[in-house]
Amino acid sequence: MTQAEILTLIDDELFLDNIKTELSDQKIIWKDHSGTENSILPHQTAINNEGVFAWWQCNEAGKEHVHIRLKERNVITWKPPVDTLIKPIFRDGLLYFHKNYLIIKYKDRHYQRLFIFNIKTLKDEEIILNALTIQVKIIDNDLFLAGLYSGEDFIKITMHPDHIERETIDENYLRQRNIIFD
């Protein structure tokens, strides 16, 4: 499914909530009840093989949210926590489904944050990484995370259906297995 088609699904979902939007191939825009502009861009969307889809909703007042539409037509809203900014920023962000998990990466003021949200248990977990910029690589059920600069952390997260396991790794581990971040 193309990202433009995902935008159409999201637009349909918003229509069911009586939200009047402007839809193009490039974005969805609307004003909320307080007159604040909201938008969704194609790269801020994700869909899995079971028809569950998610989107990062930008809000000019800083009330950013991630919405996840489950198969049962239930929509879950997750508010990205922030420590150092008034609002989170999706620039260089990531929304990506892997089986039961939605991986959410976004920028706080000085560094990126990464959360793994289990869509079956509805629980999230922040993966703390000593890094300003997080590189991501998924191979099978393993999520590899690395800082961009020398001296920053390398972590392997194994995603099981009901839990995740975290392991600290190093550059040798990655090199031996020929794991390269794109």
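Modeller: Gladly, and please keep in mind from the start that this is a predicted model. We can begin with the overall layout, where the C-alpha centres of domain 1 and domain 2 lie 24 Å apart. The domain assignment places domain 1 at residues 3-128 and domain 2 at residues 130-181, and the contact between them draws on 18 residues from domain 1 and 20 residues from domain 2.

Colleague: How much space lies in the largest pocket, and which residues are the closest to its centre?

Modeller: The general idea is that rolling a probe the size of a water molecule over the atoms shows where empty space is left. Here the largest pocket holds about 200 Å³ of space, and 15 residues line this pocket, with Ser39, Cys58, Asn59, Glu64 and Lys87 the closest to its centre.

Colleague: Is Asn59 buried or exposed, and which side chain does the side chain of Asn59 meet in a polar contact?

Modeller: Burial is read from relative accessibility, and Asn59 counts as buried because its value of 5% falls under the 20% cut-off. Asn59 sits in strand β5, and its side chain makes a polar contact of 2.8 Å with the side chain of Asn38. Leaving aside residues up to four places away in sequence, Asn59 touches Asp32, Thr36, Glu37, Asn38, Glu64 and Lys87.

Colleague: In which strand is the place of Phe53, and which residues does Phe53 touch?

Modeller: Phe53 is also placed in strand β5, and with 2% relative accessibility this residue counts as buried. Beyond the residues up to four places away in sequence, Phe53 touches several others, including Leu9, Ile10, Ala46, His67 and Phe97.

Colleague: What separates the C-alpha atoms of Phe144 and Lys156?

Modeller: Those C-alpha atoms are separated by 4.6 Å, although the two residues are twelve residues apart along the chain. Phe144 belongs to strand β13 (residues 142-147) and, at 4% relative accessibility, counts as buried. Among the residues that Phe144 touches, again not counting those up to four places away in sequence, are Gln135, Val136, Ile155, Lys156, Tyr173 and Phe181.

Definitions and conventions
Residues numbered from 1 in each chain as written. Predicted model: local features only at pLDDT ≥ 70, side-chain atom pairs only at ≥ 80, totals over all residues. Heavy atoms only, no water. 1 Å grid on protein atoms, 1.4 Å probe; cavity = no way out; pocket = protein on both sides within 12 Å on 5 of 7 lines; lining within 4 Å. Points joined across faces, edges and corners; volume = space filled by probe spheres on them. Helix = DSSP H or I, 4+ residues; strand = E, 2+ residues; numbered from the N terminus. Buried < 20%, exposed > 50% of the residue type's maximum accessible area, 1.4 Å probe, protein only. Polar contact = N/O pair within 3.5 Å; in protein donor to acceptor, adjacent residues only side chain to side chain. Contact = heavy atoms within 4.5 Å. Domains from an automatic or database assignment.
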